[in-house]
Each structure stands twice: as C-alpha cells, then as structure tokens.
Amino acid sequence: MIEQAFNFNSPIKIGISACLAGDKVRFDSGHKRSNFCMDELADYVEYVRFCPEVAIGLPIPRKTIRQVRVEDVIKVGPAHSDEDYAPDLAEYGKKVSDEHGEQLSGYIFCAKSPSCGMERVKIYNEAETGNTSEGVGIFAEQIMARNPLLPCEENGRLNDMHLRENFVMRVYVYKSWQELVATQPGLHELTSFHARHKYLLMSHNYQAYRDLGRLLAEGKGTPLGELRANYISGLMAALSRPARRKDQANTLSHLQGYFKKVLGKVEKQELCRAIDDYRVGQVPLQVPLTLLRHHLIMHPNDYLMQQVYFYPYPNELKLRYAI
C-alpha cells in the first residue's frame with residue numbers, strides 16, 4: 001500500500017484553547033467544545049491545552065472582558081473598568097511561546113476571544129459606546145508573532161471544510177519539517193524533502209514550486225541556516241491558502257501523465273472523466289485521487305510512491321471527501 005510509505009505514528013502536538021477541548025474555563029463556567037477537534041482530529045494528535053485568562057489568575061466564573069482602545073493602546077478588562085489584563089496576557093503568550101513553541105506543530109484558537117482570537121476581535125472605543133471587528137487576541141498575537149511558521153486556525157473557521165483540510169495538511173507538513181530540521185539536514189536532504197512535496201506544493205502554488213526548486217538548485221553557496229529558513233518560509237506561505245479546484249485538477253492531470261503508457265483505453269477515459277468531473281465540481285477530490293492511487297498500486301512508480309500529495313495526513317480523517 002502507498003499509505004504505508006508515510007509515517008503517521010510520530011506524535012503531533014497541537015496547542016488548543018482549553019475551552020475548545022471541553023474544559024469549563026469560560027467566564028460563565030462553561031466551555032465551547034469543538035466536535036471536530038475532540039471527536040475526529042483528537043485520535044491523531046496530542047493536544048496541549050491553554051487558557052490564558054485562567055493562567056494569569058482570573059477566576060471561574062468571572063466578568064466578561066473586552067478590548068478597549070485608549071489612544072494608541074489596547075487595554076483588556078471588564079466593561080467600564082480601569083483594570084487592564086493586556087500586559088499579563090501578552091507576557092503569558094511570550095512564556096508559552098518560549099516554553100512550547102518548538103514542540104508544537106499547530107495551534108487552534110477560540111474565535112473572537114479578546115485573549116485568543118486570531119482575527120475579527122471586537123475593539124471598543126474609549127467610551128465603550130461602539131466597536132470595530134479588527135482586533136487580535138492579546139495572547140494569540142504573541143503566539144503567532146513569535147512562531148510565524150506555525151499553522152494556526154480558529155474553531156469557527158474550521159467549520160469550512162477547505163480551511164479545515166488546509167490546516168491539517170499544514171500541520172503534518174510542518175511536523176515533517178520539524179523532524180527533518182532536527183537532523184541538521186544538508187542541501188541533499190532539503191532537495192529530497194522538496195521533491196517529496198512537489199505535487200502538494202504544485203496544487204497550491206505552481207510558481208512557488210518553481211521558485212523554491214530554484215532556491216535549492218542555486219543554494220550551494222548559501223549558508224545552510226539561511227537556506228533552510230528561506231525554504232520553509234516560502235513553503236508554508238505557499239501552502240497557507242487552500243488549493244483552488246483548477247490547480248488541483250492541473251496537478252491531477254500531471255500525475256495522470258505518468259500512466260499514459262500503462263493504462264488501457266477504457267482506464268484512461270475513466271481517469272480523464274474523473275478529473276474533469278472534479279474540475280467542474282461534480283465530485284470531490286477523493287474520487288480522482290482514489291483512481292490514481294489504484295493505478296499506482298497496479299503500476300508502481302518509485303518517484304510517485306514518495307509523493308506526500310497522495311497521503312498528506314491519515315486517510316481516515318476523510319478530509320478530501322468534502323472538497
């Protein structure tokens with residue numbers, strides 16, 4: 001089986017807002033348990049739970065807190081209060097980043113939280129009579145700023161199947177990179193890593209695939225630390241946007257080319273039809289992929305067998321059944 005070529009047994013640690021894991025740490029002693037996180041993804045990852053508001057000493061239950069802009073400063077505290085928890089929340093974010101940043105391969109934040117929201121957090125004016133949704137949670141801001149490559153998402157955005165698939169894919173790619181970097185890879189190992197991710201990268205950003213390949217091809221005189229940093233920065237940036245159907249279909253067609261000499265007429269027509277049906281939105285990505293995997297089993301190709309594109313994460317997650 002092709003899937004056996006990929007190691008999904010290595011433990012993957014993901015940071016998560018404790019309320020999303022079901023911990024009763026919210027202001028009202030409740031939680032916001034995420035069914036996807038805890039009933040589906042939890043079988044494949046190890047969560048590290050954080051509640052910054054409790055960690056800085058706020059009680060359960062507690063008054064709700066909000067972000068308030070006072071001149072150029074964002075303060076965080078209960079409504080119409082002089083209390084400001086922003087410095088403590090920021091400091092805790094730095095502490096978590098310093099102590100756990102290198103161990104984590106992803107992070108799932110609680111949406112719209114003044115401490116944990118990734119985006120669209122309400123910021124009230126100084127009189128607290130109006131607000132704009134342009135803020136970032138104080139704790140989350142530190143985690144993301146100090147770990148710019150770390151795949152991050154919010155629970156609300158994970159309801160979008162394309163964003164969900166993209167996040168999980170990035171977590172697994174980043175974990176593979178962390179394992180590679182731990183071995184102090186040279187140029188050869190970096191090139192091999194790039195080759196394994198060729199079609200995954202192509203499905204997201206063909207130009208980035210070419211640019212990163214050129215970066216490595218011309219990297220002989222570049223200090224390895226700089227080369228690694230430039231490569232992974234470009235890779236994670238390219239993968240950050242969900243792949244478009246057009247780009248996926250083009251990637252599938254590239255893969256189809258490997259079988260043109262070994263498939264019969266009917267098999268070729270069936271595969272072409274599956275790719276075209278996917279291209280126009282009639283079937284999910286899993287349909288043409290399943291056919292390609294089948295043909296790869298029947299007609300093994302060493303180069304294709306190592307392509308992460310076929311199994312970027314455990315197939316049991318069924319993420320490509322809905323995109």
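Figure 1. E71 sits in the loop between β3 and β4 (73–78). Helices (H or I, at least four residues) and strands (E, at least two) are DSSP runs, numbered from the N terminus. This is a predicted model: local features need pLDDT of at least 70, side-chain atom pairs count only at pLDDT 80 or more, and totals for chains, interfaces and linings use all residues. Residues are numbered from 1 along each chain as its sequence is written, and side-chain values use heavy atoms, with hydrogens and water left out. E71 is not a glycine, yet its phi is positive, about 60°. Most residues other than glycine have a negative phi. Is E71 buried or exposed? E71 is exposed because its relative accessible area is 67%. Buried means under 20% relative accessible area, exposed over 50%, and partly exposed in between (1.4 Å probe, protein chains only).

Figure 2. Q184 lies in the loop between α5 (161–181) and α6 (187–196). Its phi is positive, about 55°, although Q184 is not a glycine. Q184 has 55% relative accessibility, so it counts as exposed.

**Figure 3. Close-up of the I60 and P61 peptide bond.** The bond joining I60 and P61 is cis, with omega about -5°. Most peptide bonds are trans. P61 belongs to the loop between α2 (52–55) and β3 (65–70).

**Figure 4. Close-up of E153 and its surroundings.** E153 is placed in strand β8 (residues 152–154). E153 counts as buried because its relative accessibility is 2%. Its side chain joins that of R157 in a polar contact of 2.7 Å. A polar contact is a pair of N or O atoms within 3.5 Å; within protein, one must be able to donate a hydrogen and the other to accept it, and residues adjacent in sequence count only if both atoms are side-chain atoms. Leaving aside neighbours within four places in sequence, E153 is in contact (heavy atoms within 4.5 Å) with Y107, I108, F109, M118, L158, L163, F167 and R170.

Figure 5. E91 is found in helix α3. At 48% relative accessibility, E91 counts as partly exposed. E91 and R170 are 79 residues apart along the chain, and their C-alpha atoms are separated by 27 Å.

Figure 6. The whole structure holds 2 cavities of 30 Å³ or more. On a 1 Å grid over the protein atoms alone, a cavity is a set of points where a 1.4 Å probe fits but cannot get out; lining residues have an atom within 4 Å of a point. Grid points are joined across faces, edges and corners, and a volume is the space filled by probe spheres set on the points. The largest cavity has a volume of about 50 Å³. Its lining includes Q286, R293, F310, Y311 and K318. By class, the lining has 6 nonpolar, 2 polar and 3 charged residues. Ala, Val, Leu, Ile, Met, Phe, Trp, Tyr, Cys and Pro count as nonpolar, Asp, Glu, Lys and Arg as charged, and the others, Gly among them, as polar.

**Figure 7. Close-up of the second largest cavity.** This cavity has a volume of about 30 Å³. V96, S97, H100, G101, L104, I143, N147 and L150 line the second largest cavity. Which helix gives the largest share of this lining? Helix α3 (residues 86–100) does, with 3 residues. The lining has 4 nonpolar, 4 polar and no charged residues.

Terms used:
On a 1 Å grid over the protein atoms alone, a cavity is a set of points where a 1.4 Å probe fits but cannot get out, and a pocket is an open set with protein on both sides within 12 Å along at least five of seven lines; lining residues have an atom within 4 Å of a point.
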